[in-house]
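Q: I am new to this structure and would like to learn how to read it, one feature at a time. Could you walk me through it?

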Amino acid sequence: MINDAVRHWLEDVLGTENFTIASLNGGANNRGYEIVSKGTSWFLKSFSPNHTQSSHKLANEFGFSQYLWQNGVTSVPEPIACNAQAYVSLFSFIQGDPVTEAKPGSVKEALQFLEHINAISQSRAHLNIASESPDSLYGFYSIIEKRLARFQPQQDNRALKTLLQQIQTRANKLLCHLPAGAKTTQTREVLSPSDFGFHNALQTSQGVVFFDFEYAGIDTSWKLLCDFFSQPAVPVDLTSLDIFFASRLFEHVPSQKDTFLTILELTQLKWCLIMLNEFIGDVQSRRQFSWNKNCLKPSELEEIKVMQLIKSQKYFASIASNIESAASLCD
């Protein structure tokens with residue numbers, strides 16, 4: 001719920017006491033509200049005050065959004081104001097529909113968005129490094145190691161343990177396929193929304209609008225490309241790799257086919273682990289906050305875990321064919 005401090009802050013920002021607040025559904029880590037006054041709507045995003053990364057995520061998202069908006073990128077919500085002490089930020093409200101299918105036209109819009117933000121000439125020096133951005137090719141393997149370590153206390157779910165072991169075994173084999181010099185520092189040369197995909201987009205009358213930049217920043221083209229073609233919520237057909245390879249942002253990738261396929265597979269293993277986040281304690285607490293629940297009933301939590309485990313198992317089983325498809329497009 002919105003407390004009095006946030007209400008008073010909204011009064012100051014909007015210049016009126018006459019507004020309504022309606023809770024929105026759909027967030028996995030935060031709460032969202034539609035604020036309406038005199039026919040105008042805004043989106044209020046509320047971060048958990050109990051999560052150690054909330055302040056960073058709030059500031060990072062708002063600062064990244066300001067950078068884009070100030071440089072003429074209007075296919076994102078306009079940042080209006082933020083209140084770090086209250087863990088809230090205010091944006092323009094986007095009227096649109098969720099993107100449920102990555103159609104070719106939408107995929108082209110996504111690439112155009114990336115090219116647009118990377119054509120900005122203003123200095124990026126004040127922007128953060130994107131979340132989980134590896135500084136070397138070896139770093140893609142390290143991400144798997146770090147995420148696997150978060151599951152170590154889990155000893156009571158045989159199916160989970162089996163899947164985690166399969167992921168570990170496959171990651172270890174892929175480590176051998178990384179090129180010589182894999183630990184050499186890579187240049188972070190692209191501006192990335194991170195967690196970029198149609199799960200964080202709305203289809204509007206003016207085109208696709210992208211949002212949710214908590215993890216955004218400076219990144220490598222490897223991670224941006226592989227994440228976009230690996231996120232499972234609204235999958236992007238790998239045949240669209242062709243138009244990405246034609247972009248100056250990713251034109252170097254096909255000439256390093258073996259490295260690309262290895263990084264893509266490591267990235268998909270990472271997404272298997274992301275889908276298992278409900279098994280991790282601190283993630284459970286974020287879900288409770290975003291769903292506005294004091295606690296998750298044991299039966300409810302178990303149901304969610306089973307569902308996510310099945311999703312991850314299916315995704316893991318699809319990786320081999322995904323890599324085979326990607327390989328054919330690099331020839």
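Q: Which backbone nitrogen lies 3.2 Å from a polar atom of the side chain of T220?
A: In this predicted model, that nitrogen belongs to K223. T220 itself is found in the loop between β10 and α6, the helix of residues 221–228.

Q: What is T220 in contact with, leaving aside its neighbours within four places in sequence?
A: The contacts of T220 include S133, P134 and F140. From Q186 on, they also take in T187, R188, E189 and V190.

Q: Let us turn to D219. Where is its place?
A: D219 sits in strand β10, which covers residues 217–219.

Q: Why does D219 count as buried?
A: Its relative accessibility is 0%, and therefore D219 counts as buried.

Q: Which side chains make polar contacts with the side chain of D219?
A: One of them is the side chain of S133, joined to that of D219 by a polar contact of 2.7 Å. Another is the side chain of K223, at 3.2 Å from D219. If residues up to four places away in sequence are not counted, D219 touches A130, S133, R188, E189, V190 and S192.

Q: Now for a helix. Which residues of α1 are buried?
A: Helix α1 spans residues 4–14, and its buried residues are V6, W9, L10 and L14. Seen down the axis of α1, these buried residues fall within an arc of 120°, so they line one face of the helix. On the other side of α1, you will find D4, A5 and D12 exposed.

Q: What do the buried residues of α1 pack against?
A: They pack against five strands listed here by residue range: β1 (20–24), β2 (31–37), β3 (40–46), β4 (79–83) and β5 (88–92).

Q: How should I look at the start of α1, and at what follows the helix?
A: At the start, look for a side-chain oxygen of N3, which reaches to within 3.2 Å of the backbone nitrogen of A5. After α1 comes G15, with a positive phi near 70°.

Q: Which residues have a positive phi although they are not glycines?
A: Among them is Y87, with a phi of about 60°. Y87 lies in the loop between β4 and β5. Another is E132, where phi is about 55°. E132 belongs to the loop between α3 (104–118) and α4 (138–149). With a relative accessible area of 31%, E132 is partly exposed.

Q: How are two packed helices described?
A: The description uses the angle between their axes and the distance between the axes. Take α5 (residues 158–175) and α8 (residues 257–274), which pack at an angle of about 165° with their axes 10 Å apart. Because of that angle, α5 is roughly antiparallel to α8. The crossing in which α5 passes α8 is left-handed.

Q: Which residues meet where α5 and α8 pack?
A: From α5 come L164, I167, R170, A171 and L174. In α8, their partners are T262, E265, L266, L269, C272 and L273.

How values were computed:
Residues are numbered from 1 along each chain as its sequence is written. This is a predicted model: local features need pLDDT of at least 70, side-chain atom pairs count only at pLDDT 80 or more; totals for chains, interfaces and linings use all residues. Side-chain values use heavy atoms; hydrogens and water are left out. Buried means under 20% relative accessible area, exposed over 50%, partly exposed in between (1.4 Å probe, protein chains only). Helices (H or I, at least four residues) and strands (E, at least two) are DSSP runs, numbered from the N terminus. The arc is that of the directions from the helix axis to the C-beta atoms. Contact means heavy atoms within 4.5 Å. A polar contact is a pair of N or O atoms within 3.5 Å; within protein, one must be able to donate a hydrogen and the other to accept it, and residues adjacent in sequence count only if both atoms are side-chain atoms. Axes are lines fitted to C-alpha atoms, for helices over the stretch in contact, and angles run from 0 to 180 degrees between N-to-C directions. Angles under 35 degrees count as roughly parallel, over 145 as roughly antiparallel, 65 to 115 as roughly perpendicular and the rest as oblique. A crossing is left-handed if the near helix is turned anticlockwise from the far one by less than a right angle, and right-handed if clockwise.
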